[in-house]
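Please consult the sequence and the structure while reading.

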Amino acid sequence: MKFKKALSVVGVGVLAASMVGCSSNSSESKTNSTGVKTTQQKKKKTEQKTAFREKYDKIKVGDVAQQGNGGTSIDEVTALLGQPNSTSTAKVSGFKVKSYNWTKSGTDILVQFAHKKAITKTISGFKWNRTSKKLDLKAFNKVKDDSTYDALVKSFGEPDGLNESVTMGQTNVTAIYMTGIKGKDGATATFVFDNNKLTSKAQTDLK
């Protein structure tokens, strides 16, 4: 119970950072001297973000109740992503949690470590280049409790933002969609899974 409580504290902080990162990066834009993005600049930025996302996917999170067993080590993560842009350390229920943050092309990756092993990971500010808007309010309402994460991805594609952790053998995933959705500017859809089963969902400004 101690470990579960500890991870819930860590997880809430990570999710908050994720959602803030998503909103703060949504309006970021870089232009050339004429005020117009060139096709080459757009392509390069897209390639950089996709490569960054692929590196995120390679990071494995371990079980905090087992001293991060199974998680990617700090050394392996820094070898993959390079030196972090920022770090911080905090004590949670008696054990040390280190947070490393990387930022590239408007996308943030946050990995938290305990016993030098990754226990949570989050990506925010990433946006898939989707033209089809399959996820509207009607489709959102049809997503039922106990549906799987795999089924969600099959229906709507991979989420833009993710938070992943493992505690006491239970895998926890929070998925946030900002693209491929029908709604007002800034609309989002969030889905929370425990052991690949949907436990909660929320939406803002879907139509």
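## Aromatic rings

Tyr177 and Phe191 are both buried. They belong to a model that is predicted. The ring centres of Tyr177 and Phe191 are 6.0 Å apart and the ring planes meet at 85°; because an angle over 60 degrees counts as edge-to-face, this pair is placed in that class.

The structure has seven aromatic pairs. Another of them consists of Tyr100 and Trp102, whose ring centres are also 6.0 Å apart but whose planes stand at 50°, so this pair is tilted. Tyr100 and Trp102 are buried.

## Salt bridges

Side chains of opposite charge can pair when their charged atoms come close. Three salt bridges are present in the structure.

Arg53 pairs with Glu158, and their closest N and O atoms are 3.7 Å apart. This bridge links helix H2 (residues 39-58), which holds Arg53, to the loop between helix H5 (149-156) and strand E5 (161-167), which holds Glu158; the two residues are 105 residues apart. Arg53 is buried, with a relative accessible area of 1%, whereas Glu158 is partly exposed at 35%.

Glu164 and Lys121 form a salt bridge with closest N and O atoms 4.0 Å apart. Glu164 lies in strand E5 and Lys121 in strand E4, 43 residues apart, and both residues are buried. Asp160 and Arg130 also form a salt bridge, with a closest N to O distance of 3.2 Å. Asp160 sits in the loop between H5 and E5, and Arg130 in the loop between E4 and helix H4 (137-142), 30 residues apart. Asp160 is buried at 0% relative accessibility, while Arg130 is partly exposed at 22%.

## Positive surface patch

Lys133, Lys182, Lys184 and Lys207 gather on the surface as a patch of positive charge. Of these, Lys184 is located in strand E7 (residues 183-194).

## Positive phi angles

Lys116 is not a glycine, yet its phi is positive, at about 65°. Lys116 is found in the loop between strand E3 (107-114) and strand E4 (117-124), and it is exposed, with a relative accessible area of 62%.

Asp205, likewise a residue other than glycine, has a positive phi near 65°. Asp205 lies in strand E8 (residues 197-206) and is partly exposed, with a relative accessible area of 35%.

Technical notes. Residues numbered from 1 in each chain as written. Predicted model: local features only at pLDDT ≥ 70, side-chain atom pairs only at ≥ 80, totals over all residues. Heavy atoms only, no water. Patch = residues over 30% accessible without salt bridge, like charges linked within 9 Å, V, L, I, M, F, W, Y side chains within 5 Å. Areas by Shrake-Rupley, 256 points an atom, 1.4 Å probe, with all protein chains shown as cover. Salt bridge = Lys/Arg side-chain N within 4 Å of Asp/Glu carboxyl O. Lys, Arg positive; Asp, Glu negative; His and termini not counted. Charge placed at Lys NZ, Arg CZ, Asp CG, Glu CD. Helix = DSSP H or I, 4+ residues; strand = E, 2+ residues; numbered from the N terminus. Phe/Tyr/Trp six-rings, centres within 6.5 Å; stacked < 30°, edge-to-face > 60°. Buried < 20%, exposed > 50% of the residue type's maximum accessible area, 1.4 Å probe, protein only.
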